[in-house]
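Subject: Structure handover

Hello,

Please find the structure below, with the sequence. My notes on what was found follow it.

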Amino acid sequence: MPSTMPSPGAPPSDPRLARCRRDPREFALLIGQLALALLVFWVFRLHELFGDGLWRVNLLSAAGFAVHYWLPLRFKEPWFIALSLSALPWLAGIAAGAWLLGIGLVFFVIGRSALAQRWRVGLTLLVVVPCVIGRARGLPGFPAELWPLVGSVFLFRLPIWLYDRRHMRAPPRLADFLAYCFMLPNWGLLLFPVVDFHTQRKSFLAREQGKVAQEGLLSIARGVLHLAIYVRLYNSDAVAPDPFEITGPLALLACMVRVYLLYLRLSGTFHFVIGLLQLFGYDLPPTHRAWLLSSSLTDFWRRINIYWKDFMVKLVWFPCYFRWRRSGDHRAQIAATALVFVVTWFLHAAQTFFLTGTFLLRETDVAFWSILGLLVMGNLALELRRGSAAPPVGLRRGLGIAGTFTLLTLLWSMWNSQSFDDWFDLLTWWRVG
Amino acid sequence: MTPTPDAIEYELRRYLLAEFLPGESPANLRDDTPLRTGGILDSVATLKVVSFVEQSFGIEVEAHEAGVEHFDRIVDIAALVRRKRGR
């Protein structure tokens, strides 16, 4: 795998050198847009959704971008790493920041070693075990705020890095590892998109820096819009369906739609984070594509949290499919899809464990992933049988969007209920009220 | 018959246009157009391209080679084909 960080003596033929063209007018336009986006962010008090950390990340990112834009290519990514690492103790605390970096370096040394992959994975798991114990019960000498950070940084990115490590032709570079695992916006947001290692490496200045930054500002604007709508809709982050507040079918419908739109918080956050990373030259793809316009369940799965879907495709779906395809192409795809949903459920529960300290084992959660998985598998089987039909247009597409929205609204209301009893109480509001 | 280097890109472009971009102007599908990250190919569609590549160019693609690294742009797929055929 090629490294993206140029050495100090980067060859003049590196195409990225030409992409670092600096233009004061372009810079002024970019900074102006960024200031406007952050002003809207502040006016809507969106930082209050996440605590002060994100606002400090915003200010650091803006200042960091102002320097990054003018730096020569060879200093650009080292600047991002230095900024991210120096902000870590400020935003996460000195002890937690130091431990996080230390644990990361241990993971890197294990991964970089010349050991067989199974030994690298085994040793990594040996380091993970005390982290799990630390999150569950606490470990003397370790700050409590360290464990959510460990989960946020390493739970998904480490498996991706180890997977890619297996296929690297040269030993991995520490700088690439640091740029991947220690990203500045992560210190303000623990719920972080699952950025792919190879995509991040390959995307660095894949286009002119001004164009990448402009794309980032669009993503930031999209994120601010989603979050602003979310805040207006809820005015708080503690919305749960309450059957005692439902007075009729329209109120029930409004409540269920509101619960589904809770997801705007996540889509907005991820758009915003990716936008911040794009300011530093990472030409990353969008995390969501108009998910409210999904016209089928497979379409939904492909539009919502695309980074998660790609993570599952890379680590579960492709490996299973390629292993099983000799037993039948379609059968292998559907079986691999089933496994993707089992792993998705488990990893979401594990993520909840690291972020909150409790392993999410709720009947409605298990039912949600089971039903969604079965429906996506059924949808996939239909698509495979039909062959490559053109995507629906016009009325068919409209009906598809309406049907998918209705189904997901119903499923989401179940997912967000604490138990089936609560959900049935909500749906039979006349009985409860 | 062994396809010439340019023929690999040509065959891929022809296949992608016919299968996934019907009606699209060939000029809009460049060798560096992002296919996976640009939303043209999803994971199921990628497997179709994998099958096409395996059958057309006589290579076998492995799981880790089906990702964005090798299947995001025509130029990447062609490079993979050349590398595997050169073994």
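Arg302(A) forms a salt bridge with Asp42(B), and their closest N and O atoms are 3.1 Å apart. A salt bridge here is a side-chain nitrogen of Lys or Arg within 4 Å of a carboxyl oxygen of Asp or Glu. Before the rest, some conventions. This is a predicted model, in which local features need pLDDT of at least 70 and side-chain atom pairs count only at pLDDT 80 or more, while totals for chains, interfaces and linings use all residues. Residues are numbered from 1 along each chain as its sequence is written, chains are lettered from A and ligands numbered from 1 in the order in which they are written, and side-chain values use heavy atoms, with hydrogens and water left out.

The interface of chain A and chain B

Four salt bridges are found across the interface of chain A and chain B. In terms of contact (heavy atoms within 4.5 Å), 25 residues of chain A touch 26 residues of chain B. About 2000 Å² is buried between the two chains, and carbon and sulfur atoms give 57% of it. Buried area is the accessible area (1.4 Å probe) that two parts lose on being put together, summed over both. On the chain A side, Lys202(A), Phe318(A) and Phe322(A) lose the most area to chain B, together 25% of what that side buries.

Helices in chain A

Helices are DSSP runs (H or I, at least four residues), numbered from the N terminus. Helix H8 (residues 157-166) and helix H15 (residues 306-324) of chain A have axes that come within 10 Å and cross at roughly 55 degrees. Axes are lines fitted to C-alpha atoms over the stretch in contact, and angles run from 0 to 180 degrees between N-to-C directions.

Pro159(A), Ile160(A), Tyr163(A) and Asp164(A) in H8(A) meet Phe311(A), Lys314(A), Leu315(A) and Pro319(A) in H15(A). Two of these residues, Lys314(A) and Asp164(A), pair through their side chains in a salt bridge (2.9 Å, N to O). Lys314(A) is in H15 and Asp164(A) in H8, so this pair ties together parts 150 residues apart in sequence.

H8(A) also meets helix H7 (residues 146-154) of chain A, their axes coming within 6 Å and crossing at roughly 40 degrees. That makes H7(A) oblique to H8(A). Here Ser152(A), Val153(A) and Phe154(A) in H7(A) meet Arg157(A), Leu158(A) and Pro159(A) in H8(A).

Regards

Technical notes: Helix = DSSP H or I, 4+ residues; strand = E, 2+ residues; numbered from the N terminus. Parallel < 35°, antiparallel > 145°, perpendicular 65-115°, else oblique.
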